[in-house]
Structures are given as C-alpha cells and as structure tokens.
Amino acid sequence: MDKRGGRAKTPKMETRQWKNRRTGKVEAVPTGIDPGWNYHPGKARLSRTQTFGKEKDIEFRSIVGTIR
C-alpha cells in the first residue's frame, strides 16, 4: 500500500466488558466475539506437550539411571 500511496486504516474495534465466572477476572472482549476465542490453541497445546515431554524425560532418566 505504501508503494501505491495508500494508507491502511485500522478498523475501530468495539469492546464490551466480560467477567470470567471461573476466575472472577474482568476483560474487555471484542463485540460479537465469544470470549472463549481469546487464546492461540496451537501455542497452548505446544506448551502442554513440552511440559509433558519434560516430565517424561525426568521419569525416564530416573528409571534408566537405576539400571546397571
């Protein structure tokens, strides 16, 4: 757009207050978007997988270390 002399306009995002009943935290969420869509599922899954892998690695090393 810069090469053609145009400017991108950031759309105005309307938000609404939403209270998470589980945590009690109040957040501003975009109007029309369900609050459950506020995270990146791939990143969340990767984090859980990495934690699981680290736990299994520690468990494996403790077992293998006892074998002689």
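Is R61 buried or exposed? Select R61 to find out: with a relative accessible area of 58%, R61 is exposed, because exposed means over 50%, buried under 20% and partly exposed in between (1.4 Å probe, protein chains only).

**Before you click further**

This is a predicted model, in which local features need pLDDT of at least 70 and side-chain atom pairs count only at pLDDT 80 or more, while totals for chains, interfaces and linings use all residues. Residues are numbered from 1 along each chain as its sequence is written, and side-chain values use heavy atoms, with hydrogens and water left out.

Colour the chain by pLDDT, the predictor's confidence in each residue, from 0 to 100. The mean for the protein chain is 84, and 94% of its residues reach 70 or more. Among the elements of the chain, β1 has the highest mean pLDDT (92) and helix α1 the lowest (88). Helices (H or I, at least four residues) and strands (E, at least two) are DSSP runs, numbered from the N terminus.

**Stop one: helix α1**

Now select residues 41-64, which make up helix α1. The structure holds two salt bridges, a salt bridge being a side-chain nitrogen of Lys or Arg within 4 Å of a carboxyl oxygen of Asp or Glu.

- Show D57 with R61: their closest N and O atoms are 3.0 Å apart in a salt bridge. Both residues lie in helix α1, four residues apart, about one turn of the helix. D57 is partly exposed, at 35% relative accessible area.
- Next show K56 with E59, whose salt bridge brings the closest N and O atoms to 3.3 Å. This pair also lies in helix α1, three residues apart, about one turn. K56 is partly exposed at 40% relative accessibility, and E59 is partly exposed at 40%.

**Stop two: the hairpin**

Move to β1 (15-19) and β2 (26-30). These strands pair in the antiparallel sense over five bridges; pairing requires that DSSP finds at least two bridges between two strands. Pick R16 and you can follow its bridge to V29 in β2. The hairpin has six residues between the strands, and G24 takes a positive phi near 85° there.

**Stop three: inside the loop**

Which side chain has a polar atom 3.3 Å from the backbone nitrogen of T23? Select N20: the polar atom belongs to its side chain. N20 lies in the loop between β1 and β2 and counts as buried, at 15% relative accessibility. T23 lies in this loop between β1 and β2 too, but is partly exposed at 49%. Finally, display the side chain of T23, where a polar atom lies 3.2 Å from the backbone nitrogen of K25.

Note on methods: Polar contact = N/O pair within 3.5 Å; in protein donor to acceptor, adjacent residues only side chain to side chain.
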